Amino acid sequence: MNTATRYLGQAVLYGAFALAIGYFSTAPTYTHLAPGEALLKLSFSHGAQRVGACRDRGDEELAKLPPNMRIRQDCPRERSPVIVELELDGARLHRESLPPSGLSRDGSASVYRRFVVPAGTHRLAARLSDNAKGEFNYRGEKTVTLAPAQIVVVEFHASSGFQFFH
Amino acid sequence: MESNIRTQALKAVRAVEAVFDRAFGARDNPLRHLGALGFYFFWVMAVSGIYLYAFYDTGVTEAYNSVERLTHGQWYLGGVMRSLHRYAADAFVLVMVLHLVKETVNARYRGFRWFSWLTGVPTLWLAYASGIGGYWLVWDEVAQFSATATTEWFDWLPLFGEPLARNFLTPAAVNDRFFSLLSFLHIGIPLLLLLAMWVHIQRVSLADVAPPRRLGWVTLAALAALCVAKPALSAAAANLAIEPAQVALDWFYLFVHPLMYRSSPAIAWGLAFGATLLLAAAPLLPKPKPAPVARVSPPDCNGCGRCVADCPFSAVRLIPHTLKGTYKLQAQVDTALCASCGICAGACPSSTPFRSAGELVSGIDMPQLPIDALRRQLNAGLTQLSGPARTVVVGCDCAADVTSVTGKGVLVLSLPCIGNLPPAFIEYALRRSRQGGGADGVLITGCREGDCAYRFGNEWTEQRVAGEREPHLRLNVPRHRVQIAWANGGEEAALARSLAVFRAALA
């Protein structure tokens with residue numbers, strides 16, 4: 001191979017290297033959401049009610065405890081699972097039972113779920129149970145209009161109930 | 001099965017390398033310096049990164065705005081630096097993967113190489129952690145997509161009390177301190193990567209950590225040209241209320257996100273963990289019975305240190321001489337590191353066939369083919385040589401099969417590595433020809449330049465023959481009677497052609 005051909009070969013190979021780096025650094029474009037699709041996210045972290053009721057210790061029982069542990073109320077540590085249901089336009093989109101975290105099952109129950117939904121106007125309804133009986137004691141609903149690629153977040157706080165951010 | 005697939009893959013890799021050899025020459029062939037190019041790109045990233053860091057502001061809006069100011073406000077330097085940082089990172093992944101493929105098809109994952117192989121596995125994770133974190137710093141749509149996808153991926157692992165993805169749930173969820181943490185991580189993780197790369201090369205001597213100057217400059221020029229032709233730009237600023245629908249992904253780093261969304265986090269983790277486990281377990285694959293390691297003969301070792309200097313795997317060191325009243329130092333072989341290549345025996349000045357001792361014992365030698373046995377083979381073969389252009393062909397077991405060129409007037413010898421050949425043997429074979437019954441020429445072959453199975457066997461041999469490295473071939477040996485023709489396994493036809501041309505010249 002003569003010198004000119006070698007240099008030409010080098011130029012081609014260096015060009016291919018630069019081309020490969022330049023192209024794959026931004027292409028091909030990844031279609032994450034199709035046109036006309038939006039995103040619904042359900043996420044919260046909530047400490048449910050205890051599985052059992054608290055009881056008051058008697059005086060005799062309290063006296064047996066070390067002085068620093070003499071607290072009148074005795075509550076079980078374990079919390080109930082949180083059951084959450086989400087409806088989109090009257091149809092159930094998601095139902096999940098979320099166990100409490102922690103080795104003693106006394107922590108918060110958390111969730112993060114994402115759903116691809118068609119853009120447009122939707123009626124969202126959510127309900128949540130955080131008690132041992134499984135009764136839905138929190139409810140929320142809202143009509144939202146989502147542009148393509150818009151995100152609506154369904155969050156929950158015990159103090160304010162369900163919130164819909166979009 | 002494994003061997004068959006690997007053999008076919010090796011053929012393909014060598015064919016590509018041969019194309020690059022023709023264009024670049026073996027010395028400047030980037031495919032023969034992939035590890036060195038990895039280090040080189042790391043330093044390009046480090047230098048450009050320090051510059052970028054000086055202008056980077058940590059903050060939800062400041063991060064994006066400061067990168068935009070740098071990219072457009074001083075496109076001639078800041079913009080180029082940013083592009084260089086990005087493209088060097090991409091090139092780093094490219095050479096890292098090619099390096100991995102090349103070492104895999106060469107079966108360089110077992111035996112004495114287990115340490116280098118195993119320590120390479122965490123560098124893959126650290127490289128990706130460094131690169132993906134870098135993307136987040138820009139805080140554009142790509143960063144938003146990557147941050148959300150990564151946390152959703154990690155949330156599949158039962159490690160976190162609260163989902164990490166909640167940190168990117170709404171625009172209000174991200175705060176300025178997040179970017180301080182990110183910039184700290186983007187310095188800390190690359191430093192860990194550098195540490196891992198340093199550990200990776202600890203068991204090799206004279207590690208190839210810098211490409212040849214010409215290759216380095218031209219590669220940098222190619223990257224710089226790319227920076228000007230296609231500068232790295234940010235996408236639109238991140239907005240956690242809008243999901244990026246079309247993402248201009250960097251596929252070198254972010255391919256795992258589409259993989260996860262098109263399959264599931266479990267499958268993406270399965271592939272990542274599975275690949276990691278496979279790589280980590282590769283040294284446990286069945287391997288050929290290891291050859292005996294080098295052996296030191298203290299009475300014949302004067303502690304000159306040439307074996308120490310030439311050993312490619314730092315397996316030989318000098319210790320106080322065990323025989324009192326002789327020399328101060330002697331060689332000692334670390335059996336765990338020894339590759340059984342015999343390069344040390346080729347470097348030993350006592351490995352000369354001209355010694356009149358009945359049994360030739362070298363200071364350091366290979367039990368499977370001692371210098372004395374080599375001399376006996378040579379002597380026996382030389383007496384059988386006849387006809388014009390009597391030629392001794394010395395090759396190695398890792399390269400082109402020298403027995404393929406056996407014929408009338410040709411004596412072939414195969415060593416564990418061509419670096420195992422003491423240069424005095426060349427002179428020995430040629431000097432006997434004057435007395436009749438010897439050789440008219442010696443043809444040396446072995447792995448192609450930059451492709452020695454034991455790293456330096458061919459390079460040291462070339463330097464010894466050229467008189468540039470001790471022990472060297474004496475200057476009075478006529479060089480036209482010595483020919484070097486490197487040929488890899490599978491290139492026996494090329495070796496035969498080189499031999500024919502050499503013998504024609506000798507005749």
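Visitor: Why is V154(A) called buried?

Guide: A residue is buried if 20 or more other C-beta atoms, placed from the backbone, lie within 10 Å of its own, exposed if 12 or fewer do, and partly exposed in between. V154(A) has 25 other C-beta atoms within 10 Å, so V154(A) is buried. This is a predicted model, in which local features need pLDDT of at least 70 and side-chain atom pairs count only at pLDDT 80 or more, while totals for chains, interfaces and linings use all residues. Residues are numbered from 1 along each chain as its sequence is written, and chains are lettered from A and ligands numbered from 1 in the order in which they are written.

Visitor: Where is V154(A), and which residues does V154(A) touch?

Guide: V154(A) is in strand β10 of chain A; helices (H or I, at least four residues) and strands (E, at least two) are DSSP runs, numbered from the N terminus. Two residues are in contact if their C-beta atoms, placed from the backbone, lie within 7 Å. Leaving out residues up to four places away in sequence, V154(A) touches K41(A), L42(A), L86(A), L124(A), A126(A), F162(A) and F164(A). L124(A) is 30 residues from V154(A) in sequence, and their C-alpha atoms are 9.1 Å apart.

Visitor: What makes S314(B) and S340(B) worth a look?

Guide: Neither is a glycine, but S314(B) has a positive phi of about 50° and S340(B) has one of about 60°. S314(B) belongs to the loop between α12 (306–310) and β3 (316–320) of chain B, while S340(B) belongs to the loop between β4 (329–333) and α13 (343–347) of that chain.

Visitor: Why is S314(B) called partly exposed, and why is S340(B) called buried?

Guide: S314(B) has 15 C-beta neighbours inside 10 Å, a count in between the two cut-offs, so S314(B) is partly exposed. S340(B) has 20 other C-beta atoms within 10 Å, so S340(B) is buried.

Visitor: How do you know how chain A compares with a compact globule?

Guide: The radius of gyration is taken over C-alpha atoms, and the globule rule is 2.2 Å times the number of residues to the power 0.38. For 166 residues, a compact globule would be near 15 Å, but chain A has 28 Å. Along the principal axes, the C-alpha atoms of chain A fill a box of roughly 105 × 45 × 20 Å. Buried residues are 23% of the 166 in chain A.

Visitor: What is chain A built from, and how is chain A divided?

Guide: Chain A has 2 helices and 11 strands. The division, from an automatic or database domain assignment, gives domain 1 (1–30) and domain 2 (37–51 + 79–165). The C-alpha centres of these two domains of chain A are 51 Å apart.

Visitor: What makes β8(A) and β9 of chain A a pair?

Guide: Two strands pair if DSSP finds at least two bridges between them. β8(A) and strand β9 (residues 138–146) of chain A have 9 bridges, in the antiparallel sense, so they pair. In this pair R123(A) stands opposite T143(A) in β9(A). Strand β5 (residues 82–88) of chain A also runs antiparallel to strand β8 (residues 120–129), with 6 bridges, and E85(A) stands opposite R127(A) in β8(A).

Visitor: Which strands pair between chain A and chain B?

Guide: β1(A) and strand β1 (residues 246–247) of chain B pair in the antiparallel sense over 2 bridges. T31(A) stands opposite Q246(B) there.

Visitor: How many residues of chain A are in contact with chain B, and of what kinds are they?

Guide: 33 residues of chain A contact 37 residues of chain B. α1(A) gives the most to this side of chain A, with 10 residues. Ala, Val, Leu, Ile, Met, Phe, Trp, Tyr, Cys and Pro count as nonpolar, Asp, Glu, Lys and Arg as charged, and the others, Gly among them, as polar. By that rule the side of chain A that touches chain B has 17 nonpolar, 14 polar and 2 charged residues.

Visitor: What makes a set of residues a nonpolar core?

Guide: The members are buried Ala, Val, Leu, Ile, Met, Phe, Trp, Tyr and Cys residues joined through C-beta atoms within 7 Å. The largest such core has 83 residues, of which F41(B), A88(B) and F92(B) touch the most other members. Helix α4 (residues 75–105) of chain B gives the most to this core, with 11 residues. Apart from it lies another core of 67 residues, including A294(B) and L473(B).
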